[in-house]
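Dear colleague,

I am passing on the model we spoke about, and I would be glad if you could read the notes below alongside it.

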Amino acid sequence: MKNLGNMLKQAQQMQTRMQEMQAKLEQTEVEGGAGGGMVKVLLSGKGDLRRVTIDPSLMVADDREVLEDLLVAAHADAKQKVEATMAEEMQKATAGLNIPGGLGGLGGLKLPF
């Protein structure tokens with residue numbers, strides 16, 4: 001029974017840490033860029049698109065495809081940074097908890113955002 005009590009206590013600690021992490025990620029903003037910074041996107045820590053900034057020199061009708069490609073690349077850059085931030089926060093949230101097999105032991109835990 002002592003093990004069950006410890007497991008419940010750890011689960012409660014993890015739930016509290018996850019709620020704190022989600023609140024922190026909501027406030028976090030990550031910028032990704034492409035084309036040497038000519039296109040930038042700003043994502044929340046949860047991956048929501050907040051802003052797109054485009055250098056005026058790219059606003060040429062003939063360069064539409066280039067602009068589209070740069071937008072996709074900037075978003076991918078920001079998304080990778082968000083994922084790295086989430087992984088770092090997840091490590092902090094689970095630090096000190098005795099989770100068998102780490103997060104992989106939880107069946108590849110996916111965050112709800």
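What follows is a description of the sheet, and then of the helices.

Please bear in mind that this is a predicted model, in which local features need pLDDT of at least 70 and side-chain atom pairs count only at pLDDT 80 or more, while totals for chains, interfaces and linings use all residues. Residues are numbered from 1 along each chain as its sequence is written, and side-chain values use heavy atoms, with hydrogens and water left out.

Helices (H or I, at least four residues) and strands (E, at least two) are DSSP runs numbered from the N terminus, and two strands are said to pair if DSSP finds at least two bridges between them. On that basis, 3 strands form an open sheet in the order S1-S2-S3, with antiparallel pairing; S1 and S3 are its edge strands, each pairing on one side only. From one strand to the next the twist averages 15°, where angles run from 0 to 180 degrees between N-to-C directions and axes are lines fitted to C-alpha atoms, for helices over the stretch in contact.

S1 pairs with S2 (residues 39–44) over 6 bridges, and Val30 has Leu43 of S2 as its bridge partner. The hairpin that S1 and S2 form has 4 residues between the strands, and Gly35 in the turn has a positive phi of about 65°.

S2 in turn pairs with S3 (residues 49–54) over 5 bridges; here Leu43 is partnered by Leu49, and Val39 stands opposite Ile54. This second hairpin also has 4 residues between its strands, with Gly47 in the turn at a positive phi of about 95°.

The contact (heavy atoms within 4.5 Å) includes Met14, Met18 and Met21 of H1 and Met86, Glu89 and Met90 of H2.
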